[in-house]
Every structure is written in structure tokens, then in C-alpha cells.
Amino acid sequence: MAGEIDLFLDMMAAERGAAKNTLDAYRRDLDDYAEFLAGEALAPKTATTDAIRAYLADCQSRGLKTASVARRLSALRQLHRFIYTEGLGTEDPAAVLEGPKRGRPLPKSLALSEVDRLLAVAKEGLDDAARPIGERLRVARMACLLELLYATGLRVSELIALPVTAARRDERFLVVRGKGNKERIVPLNNAAKAAMAAYLALREQAGLAASKWLFPSSGESGHLTRQHVGRELKTVAGAAGLPAAKVSPHVLRHAFASHLLQNGADLRSVQQLLGHADIATTQIYTHVLDERLAGLVRDLHPLAEDE
């Protein structure tokens, strides 16, 4: 791999606190770019604007979606800005390029009734003392995962990395370490606290070995993986009569944000709860605000009477 790409990724990790998944994604995109440049007898520090345009055209010819091409251009812009500012190259060839035009799709979400159905199905059999303790523990864990996802809007990567102390403190808040290693405070509702308490009680009853993680696993990380949570959630969705493709941890995060806005929360508060660094990211939910404000005018304005 080109040396300047190594240096760029080192900077992303050290100065911006980029997570491993983020670094891996950058590495894949930038390795692909470097391979293309090598075929043109170029390297990132000697690339030209025309070479970058040719690479983006090559990506499109390989059938990459517009969103993927835009993501790669974003990575290239950051790389070339780094090369230029660090004095590794004499100019920034990506500065004049514009990304492909794309519409931003509205995030998938769930109706409140669908979330209620998921939670009800996830808890089935939890209080049945006749069931084996292992089965009840799995039910309690899934119920706890769901309650926390919907009550807090956590990213699934943040949820699975919660320490067990998050459930043992009699507090109304979680301290979450999110993207860029930044901490934020997220309030807990009574349902989430009760679900954590029930899950931990069954965990102790089952005599499991102590773990520092709230959701331990025998895997390399020591805690559940994102993939495992996603699979279990789709199983619950199927049992609740919901299409598996419609339900994921990220969809529950969207439901958390959408339902807050529908019930009067402001965009800035939702931004802080979700851990978005830029409010522009949170503005994908403005369609919810638009609907709510239109409803307020329709229902409350003195001149908005039915004809």
C-alpha cells in the first residue's frame, strides 16, 4: 500500500479517533484507488485531477452505486487534503471535484405499534419459571437489547460494548463512548432499567462466569457482535409478523429519533442523543418535523378551518 495512505490512516486513528470499522472501510477504498493509479503509472501524491475523474468513471463502469462513488470521492478528498497540508504533494487535485448528484433517501423507521409488537414478542416466556433457565436468559437478553435500542437510540456498536456496570448503577443515565471516542450522556427510561435488572438477575441465576461486558460472548471481542444482534432481531421480527428486511438495530435507532420528534423534541436535542457530530446528519429527520408542524398549523391555527 502506498506510504501516504498509511500515514493518512495513522492520522485518522491518532488525531480523529476513527474506529476500526471506519479505518477498514477507508483502507479498502483507498487501496482500490491506489491500484487504479498504479495502472496509470501514478501514486496518490502524484495523482492529477483527470486521473481522479478517470478513477470515478471506472468505479461507475464497474456498477458501483452513486452512494458508493460519493463515499469514495469523500475518502479521496480527505486523503489528498492530508497529502497537500503535510507537504507530501505540491497540490490538491481533488479540491475542484464535485460529487455525483444523489437524493438522500428517508431513513426506514417503525410505527409505535410495530415497536410495541416487537417488544411484546421479545418478552414472551420471560416469566415462565417452568422453562429452562438458558431459554429464559436468551429471552431476557433479547428483551434487554430491544428495550435499550429503542429507549436510547444507541448505535448497535455502542450497545454491545456497554460495560456490565451500566446496569448495576441505580442511575437514570448511561455514559456512552461513541464515534471518535467521544462520550455523551443518554437518559434511561424505567422500562430499559427494568429489562437490564431482569436480565442480570437471570444471568446470575444461571451461574455464568463474571464478565466486564453487559452482553458477554465467547468470541474474540468478549461481547456480542453486531451481526449476532441483527440476526436475533430479525428472528423476533418474523415472530412478530414484521418483514425481516424492515427491522434492524439501525431501524430502531431511527424509530427512537422519529418518535421523539413526533412528540415534540427539538432537532438539536435529538442530535445530542444520537451522538451526531454535525446537525446536518440529524436533518434527515426534518420530514418528521415538517409533518408535525403542518399538523400543528392544521389543528391549532384559528383560520385553518375545514371548508
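I noted the contact residues (heavy atoms within 4.5 Å): I5, D6, F8, L9, M12 and A13 from α1, with L23, Y26, R27, L30 and A34 from α2. I sorted the residues of this contact into 9 nonpolar, no polar and 2 charged (Ala, Val, Leu, Ile, Met, Phe, Trp, Tyr, Cys and Pro count as nonpolar, Asp, Glu, Lys and Arg as charged, the others, Gly among them, as polar).

The model is predicted: local features need pLDDT of at least 70, side-chain atom pairs count only at pLDDT 80 or more, and totals for chains, interfaces and linings use all residues. Residues are numbered from 1 along each chain as its sequence is written, and side-chain values use heavy atoms, leaving out hydrogens and water.

I next checked A41, in the loop between α2 and α3 (49-61). The phi of A41 is near 60 degrees, a positive value in a residue other than glycine. Most residues other than glycine have a negative phi. At 72% relative accessibility, A41 counts as exposed (over 50%; buried is under 20%, partly exposed in between, with a 1.4 Å probe and protein chains only).

For the whole protein, I recorded that 41% of the 307 residues count as buried.

Conventions
Helices (H or I, at least four residues) and strands (E, at least two) are DSSP runs, numbered from the N terminus.
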